[in-house]
Amino acid sequence: MARTGRPKAELIVTDAEREQLQRWARRRKSSQALALRSRIVLACAEGHDNKTVAAQLGCAGATVGKWRSRFVTHGLDGLTDEPRPGRPPTIGTDRVEDVVVATLESVPRNATHWSRAKMAERTGLSKSTIGRIWRSFELKPHRTDGFKLSNDPLFVEKVHDVVGLYVNPPDAAVVLCVDEKSQVQALARSQPAFPMMPGMPEKRTHDYIRHGTTSLFAAFNTADGTVISSLHRRHRSTEFRRFLAKIDAQVPEHLDVHLVCDNYGTHKHPTIIDWLAKHPRFHMHFTPTYSSWLNQVERFFAYVTTDLLQRSDHRSVQALERDIRNWVAAWNDDPKPFIWTKTAEQILESLARFLQRTTGAGH
């Protein structure tokens with residue numbers, strides 16, 4: 001006989017509770033923790049077992065079991081926080097909901113975000129209580145992250161095209177991620193740096209004197225991590241064409257060349273189009289707009305910035321360019337290819353989940 005597991009206590013949801021759960025689950029900016037718990041209870045109330053609910057909502061079976069049990073025992077109060085020993089809580093679910101909703105859907109007067117003190121003043125609760133509620137629902141109003149969603153109408157097609165080159169590169173070809181790190185400044189600090197000492201970091205002045213700029217053109221080989229580079233004082237189509245000619249000279253003639261580029265106007269200039277027409281082994285692949293994270297050369301530029309440019313002190317552009325050339329030569333002595341693991345489908349699914357969480361528009 002197949003095992004059916006331990007019998008579970010019947011989960012019954014009243015009309016009032018169902019209305020409240022649906023409000024928590026549907027609210028576009030609701031805490032994701034509370035929204036998930038509400039959806040779990042609603043699904044269980046339809047008679048589904050824990051395994052089925054877990055598969056539907058993409059969570060662990062233990063998570064479903066926990067919140068089913070908590071709701072059966074404590075009702076709506078069981079979805080807000082773990083029951084604690086000692087004196088029963090004096091703050092009801094209505095006040096907790098008010099804090100969560102206000103945090104997510106409003107801002108204080110004369111401020112861009114809530115602090116514990118401002119929320120305590122608004123609600124009449126203590127600052128420590130506000131802190132506990134925020135921790136319970138993983139709310140951090142003081143933090144912010146940046147993002148930029150692509151508005152490219154061919155976003156899906158371009159993601160498949162570029163990622164396909166990474167995970168399944170063509171035969172008899174080389175895949176190069178190409179871009180320019182423009183306006184790299186030769187900066188001379190106004191005073192010498194104080195060296196690092198035990199218990200004290202290196203100290204540098206915040207002001208500097210500018211001695212001109214240069215631009216680093218780089219083509220990152222996705223197969224072996226080597227880099228073809230050039231330095232130019234300007235980054236027009238003329239310089240980009242010269243860089244393409246350098247790539248053409250260094251890549252063996254029997255190989256096709258697939259270039260991953262962004263949508264900068266220089267890469268689509270008529271001068272470049274004419275050059276490409278005369279060099280049919282070159283194939284251009286453009287990343288979607290606002291999607292530089294798809295271009296592996298950007299990670300290479302980040303290494304250049306961290307290792308060399310952030311703390312640089314150069315009295316001339318020539319000195320800066322010499323150090324950049326030496327740095328790239330050292331990189332090519334021990335190149336490090338980046339291992340791309342995400343398929344196009346996984347990337348698109350991840351973006352869909354992000355949109356669902358933030359805007360309610362998953363597709």
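## A walk across the sheet

Start by selecting Gln-185: directly opposite sits Thr-213 in β2. Keep in mind as you click around that this is a predicted model.

Now widen the selection to strands β1 (residues 173–189) and β2 (residues 208–221). They run antiparallel, with 11 bridges between them. Another pair to pick out is Glu-180, which faces Phe-217 in β2.

Stay on Phe-217 and look across to β3, where Ser-230 stands opposite. Strand β3 covers residues 227–232 and is antiparallel to β2, joined by 6 bridges.

Time to zoom out. What is the strand order in the open sheet? Reading across its 5 strands, you get β3-β2-β1-β4-β5, with mixed pairing. At the edges are β3 and β5 (282–286), each of which pairs on one side only. Neighbouring strands here are turned by 25° against each other on average, ignoring direction.

Next, show helix α11 (residues 297–309), which packs on this sheet and touches β1, β2 and β3. Compare directions and you'll find α11 at about 30° to β1.

For the last stop, jump to helix α3 (residues 50–57) and select Asn-50. Is Asn-50 buried or exposed? Its relative accessible area is 14%, so Asn-50 counts as buried, the cut-off being under 20%. Bring up the side chain of Arg-68 as well: a polar contact of 2.7 Å links it to the side chain of Asn-50.

Note on methods: Residues numbered from 1 in each chain as written. Predicted model: local features only at pLDDT ≥ 70, side-chain atom pairs only at ≥ 80, totals over all residues. Heavy atoms only, no water. Pairing = 2+ DSSP bridges. Helix = DSSP H or I, 4+ residues; strand = E, 2+ residues; numbered from the N terminus. Buried < 20%, exposed > 50% of the residue type's maximum accessible area, 1.4 Å probe, protein only. Polar contact = N/O pair within 3.5 Å; in protein donor to acceptor, adjacent residues only side chain to side chain. Axes fitted to C-alpha atoms, helices over the stretch in contact; angles between N-to-C directions. Contact = heavy atoms within 4.5 Å.
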